[in-house]
Amino acid sequence: MQTNTPSRSRTRLTRRGRLAVLVTGAVMAGTAVAVPLLTLATGREQDKPATLVIPEGWRASQIYDAIDKALKLSPGSTRTAVGKASLKLPNEARGNPEGYLFPATYPVRKGATPESMLQLMIDAADQKFNGAPVAAGAQRNAMNVYQAVTVASIVQAEASTKADMGKVARVIFNRLNSGMPLQMDSTLHYALNRNTADTSQSGTQEENPYNSHQRTGLPPTPIDNPGEDAMRAALNPTPGDWLYFVTIAPGETRFTADYNTHLRNVAEYQALHQNTGTAQPTGDGPPAPPSAPADAQPALR
């Protein structure tokens with residue numbers, strides 16, 4: 001069943017953080033000193049492996065590139081290795097590690113390979129995601145763990161702050177439960193492998209299993225690699241009846257169940273930002289023209 005709501009125009013902003021790979025090497029002593037304790041300390045520093053930092057919300061493609069750089073491999077090496085690797089993933093993943101490359105800091109030891117680095121991340125995700133509390137939380141929301149990770153990945157992409165994550169998760173579940181499409185730009189941008197802030201009307205019409213403007217339900221896979229906070233939100237969404245949200249300003253996202261209230265929030269955003277070059281709000285799009293069909297679904301982002 002699909003809830004009747006006003007149509008919307010299709011250009012929106014998508015919040016995506018821009019983070020850099022941090023690869024740190026061992027610290028080398030500046031000069032040799034004839035002090036045994038200092039010599040030992042320097043030796044320990046030299047033995048420290050380099051590290052690779054994976055931020056929350058990175059896509060698998062970004063992580064593959066980071067591994068290539070950390071291991072000093074030619075671009076595309078890790079991506080190619082994924083198809084040949086025997087990664088220990090849940091059956092639902094079908095060999096695709098998206099969502100299970102857990103964000104953390106990992107050692108880059110001598111002899112490390114793309115497969116060994118990926119498996120480190122998958123093992124960390126397995127420890128976080130496959131415990132009894134996670135399984136119980138997924139069951140409360142009528143999901144399996146893989147679906148919970150998929151919800152968490154959308155929350156990670158869409159929420160402006162940690163405090164908003166539980167509410168964004170609730171919007172997702174409220175839409176799923178009412179038969180509405182999620183209409184999240186983040187899922188479409190994932191399919192198109194882009195980090196744009198703009199989604200055109202033609203883009204939202206594209207035939208694609210990740211196009212949550214056209215399809216109901218969850219996308220077929222996670223769309224990034226969520227952290228613990230996003231996963232916690234997906235398992236324990238904040239109680240509420242919200243169906244819409246819009247980020248008016250950094251740290252100020254407004255959630256509502258009433259479409260007309262939402263339109264007023266969007267208008268306020270546009271009034272605040274009309275001279276800044278960011279006329280479309282993060283969290284939802286502008287109101288639809290009066291001639292649009294009354295049963296068209298509004299876009300969340």
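Q: Is F129 buried or exposed, and what is its relative accessible area?
A: This is a predicted model. Buried means under 20% relative accessible area. F129 has a relative accessible area of 1%, so it is buried.

Q: Which residue pairs its ring with F129, and what is the geometry?
A: Start from the angle between the ring planes; over 60 degrees counts as edge-to-face. Y100 and F129 sit at 85 degrees, with 5.7 Å centre to centre. That makes the pair edge-to-face. Y100 is buried as well, with a relative accessible area of 3%.

Q: Why does the pair of Y100 and F129 tie together parts that are apart in sequence?
A: Look at where each ring is placed. Y100 lies in the loop between α3 (77–84) and β3 (105–108), while F129 lies in helix α4, so the pair ties together parts that are 29 residues apart in sequence.

Q: How many aromatic pairs does the structure hold?
A: The count is 7. One of them joins Y100 and F129.

Q: What is the geometry of the rings of W242 and F255?
A: Again, read the distance and then the angle. The ring centres are 5.9 Å apart and the planes are at 55 degrees, so this pair is tilted. W242 lies in the loop between α10 and β4 (244–249), and F255 lies in strand β5 (residues 252–256). The pair links distant parts of the chain, 13 residues apart. Both W242 and F255 are buried.

Q: How many salt bridges does the structure hold?
A: First, the general idea. Side chains of opposite charge can pair when their charged atoms come close. This structure holds 5 salt bridges.

Q: Which residue forms a salt bridge with K128, and how far apart are the closest N and O atoms?
A: The partner is E228, and the closest N and O atoms are 3.4 Å apart. E228 is in helix α10 and K128 is in helix α4. The pair links distant parts of the chain, 100 residues apart. E228 is partly exposed at 37% relative accessibility. K128 is partly exposed too, with a relative accessible area of 37%.

Q: Which residue forms a salt bridge with E252?
A: R254 does, with the closest N and O atoms 2.8 Å apart. E252 has a relative accessible area of 33% and is partly exposed. R254 is partly exposed at 23%.

Q: Where do E268 and R254 lie?
A: Check the element of each partner. E268 lies in helix α11 (residues 259–273) and R254 in strand β5, so the pair ties together parts that are 14 residues apart in sequence. E268 forms a salt bridge with R254, and the closest N and O atoms are 2.6 Å apart. At 33% relative accessibility, E268 is partly exposed.

Q: Which residues are linked in a network of salt bridges?
A: Trace shared partners. K162, D229 and R232 are linked in such a network.

Q: How much space lies in the second largest pocket, and which residues line it?
A: The pocket has about 160 Å³ of space. Its lining includes K128, F129, P133, V134, G137 and R140. E228, M231, R232, L235 and N236 also line the pocket.

Q: How many residues of each class are in the lining of the second largest pocket?
A: Sort by class. The lining has 5 nonpolar, 2 polar and 4 charged residues. Among the lining residues are K128 and E228, which form a salt bridge with each other.

Q: How many residues of helix α2 are buried?
A: Count along the helix. In α2 (residues 60–70), 8 of its 11 residues are buried, and the helix is mostly covered. Among the buried ones are I63, Y64, I67 and D68. Just after α2, K72 takes a positive phi of about 60 degrees.

Q: Where is S116, and how far is its C-alpha atom from that of A85?
A: S116 is in helix α4. Its C-alpha atom and that of A85 are separated by 9.3 Å. S116 is partly exposed at 31% relative accessibility.

Technical notes
Residues are numbered from 1 along each chain as its sequence is written. This is a predicted model: local features need pLDDT of at least 70, side-chain atom pairs count only at pLDDT 80 or more; totals for chains, interfaces and linings use all residues. Side-chain values use heavy atoms; hydrogens and water are left out. On a 1 Å grid over the protein atoms alone, a cavity is a set of points where a 1.4 Å probe fits but cannot get out, and a pocket is an open set with protein on both sides within 12 Å along at least five of seven lines; lining residues have an atom within 4 Å of a point. Grid points are joined across faces, edges and corners, and a volume is the space filled by probe spheres set on the points. Ala, Val, Leu, Ile, Met, Phe, Trp, Tyr, Cys and Pro count as nonpolar, Asp, Glu, Lys and Arg as charged, and the others, Gly among them, as polar. Rings of Phe, Tyr and Trp (its six-membered ring) pair if their centres lie within 6.5 Å; planes under 30 degrees apart count as stacked, over 60 as edge-to-face and the rest as tilted. Helices (H or I, at least four residues) and strands (E, at least two) are DSSP runs, numbered from the N terminus. Buried means under 20% relative accessible area, exposed over 50%, partly exposed in between (1.4 Å probe, protein chains only). A salt bridge is a side-chain nitrogen of Lys or Arg within 4 Å of a carboxyl oxygen of Asp or Glu.
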